[in-house]
Amino acid sequence: MAKMETAPLHSDPPTASARTADAVSEAVGWVQKAKGGNRHACNHLVAQFQENIYRMVFYRIRSRPDAEDLTQDIFMQAFKHLPRLKEDTRFKSWLFSIALNRVRDYYRKKKLRSFFMTSTDNKNNAGRTPEPEDQHTTGALQHVIRKDFWHQVGILLDKMPRMEKEVFTLRFMDQLSIREISQALKKNESTVKTHLYRGLQKFRKETSMHDFLQEVIS
Amino acid sequence: MNTHQEAHLNKDQLLWALVDNARLPDASQAHLEKCSLCRSQKQRLENELSALGKFAAQSIPKPQKQVHLPPTISPSRKRHRLYWQTAMGTAVAALLLISVIWWPGMGLRMSGTKPPVAAWSQTDDETFMAQIRTLIDNDLPQVYLDISEGLDSEESEDFIDFVVPSLGPDVMSYDSANRRSLS
């Protein structure tokens, strides 16, 4: 199994917070320029956040072409409404809130489409293993491991209510801070922490997930 | 030793230490700083969660399309679209309002049997007067009319005479009899 280096998840270690502050102040400069219609600034913001947004969307819809299209839509919508952003420091969480809404719209449309489709056409992507095309680029073993991983993630997330699932995913898979999550979801930090705590309680009970992750770490 | 073990963070406290250290009691916070066992348990959980995020990021296909920014959307076109959307919305709302107001009115007119006063014709007047005349001729309620229809004309006279005898000259009235007895 692929060995990984793991960084500790301290809530606010001094070096990490200093790095975050630098990144935020840098992003603020680009956001201000982008608001003024600077195309270079827009491209810079795309380059900085594209991967994060694509990943965030993919985790939720598990389809590469759809995730690519939605990522494009999210950035288009973001730049169209950028003048509405009051606090430039909140650009990342604001972008994530747009992404969350677009994912919700995607599922709403899909639900509507599936209503008119036959049951054989109606396939749910949730819990689906990412694209089979990956099998060619990576080994078969790696594919099996990934499949197992997404299966475990599916089991874990299925046990959580919607908001708990969203908070848990944003924190530990999208790597957002608690403050960014509270801004993206428009909930207070205390509520986010409570959801996170409950999500972690469920995570703790998933022994097979722990075994899997321990194997990944070792 | 025993007291030290009791002071260890329980599972829930360990989770709170991950989410928000400030929510732990002061004693637990102080214990966590000193106790290597509790810190290692917390670290183990942190490592697992970190591995979860990293493995997830590695386990997705790379995007084949990059985000492409087209020339900016002109505000005028946006405003134009907004204008049409508003106009269409207003039109639909107006149609709905008209249909809501119109249909109950139509329903009332269809179900109502009373014509307006202007449409009251002369024939209606005559019908109405005929009904009044019938009522004058037969002013008894229908129940009594049904009873009286069952009696033969000759029999009925005898029956009425029996019930209410006619007053002849030889029959003394109650009043005159009384007056005579008093005088």
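Tutor: Let's start with pLDDT, the predictor's confidence in each residue, running from 0 to 100. This is a predicted model, where local features need pLDDT of at least 70, side-chain atom pairs count only at pLDDT 80 or more, and totals for chains, interfaces and linings use all residues. Residues are numbered from 1 along each chain as its sequence is written, chains are lettered from A in the order in which they are written, and side-chain values use heavy atoms, with hydrogens and water left out.

Student: What is the mean pLDDT of chain A, and where is confidence lowest and highest?

Tutor: Where pLDDT is low, the predicted coordinates should not be read in detail. For chain A the mean is 84, with 80% of its residues at 70 or more. Helices here are DSSP runs (H or I, at least four residues), numbered from the N terminus. Confidence in chain A is lowest in helix α5 (residues 134-137), at a mean of 54, and highest in helix α7 (residues 162-172), at 96.

Student: Which residues of α2(B) are buried?

Tutor: Buried means under 20% relative accessible area, exposed over 50%, and partly exposed in between (1.4 Å probe, protein chains only). Helix α2 of chain B, residues 11-19, has seven of its nine residues buried: Gln13(B), Leu14(B), Leu15(B), Trp16(B), Ala17(B), Leu18(B) and Val19(B). Their cover includes α8 and α9 of chain A, together with α3 and α4 of chain B.

Student: And His210(A), buried or exposed?

Tutor: His210(A) is buried, at a relative accessible area of 10%. You'll find His210(A) in helix α10 of chain A. A contact means heavy atoms within 4.5 Å. Leaving aside neighbours within four places in sequence, His210(A) is in contact with Phe203(A), Arg204(A), Lys205(A), Leu45(B) and Glu48(B).

Student: How do I read the area buried between chain B and chain A?

Tutor: The size of an interface is often given as the accessible area lost when the parts come together. Buried area is what two parts lose that way (1.4 Å probe), summed over both. Here that comes to about 4,500 Å², with carbon and sulfur atoms giving 64%. Leu52(B), Phe55(B) and Leu69(B) supply 16% of the area that chain B buries against chain A, more than any other three residues.

Student: How many salt bridges are there between the chains?

Tutor: A salt bridge is a side-chain nitrogen of Lys or Arg within 4 Å of a carboxyl oxygen of Asp or Glu. The count between chain B and chain A is three. Arg204(A) and Asp12(B) also meet in a salt bridge, at 3.4 Å, N to O.

Terms used:
Helices (H or I, at least four residues) and strands (E, at least two) are DSSP runs, numbered from the N terminus.
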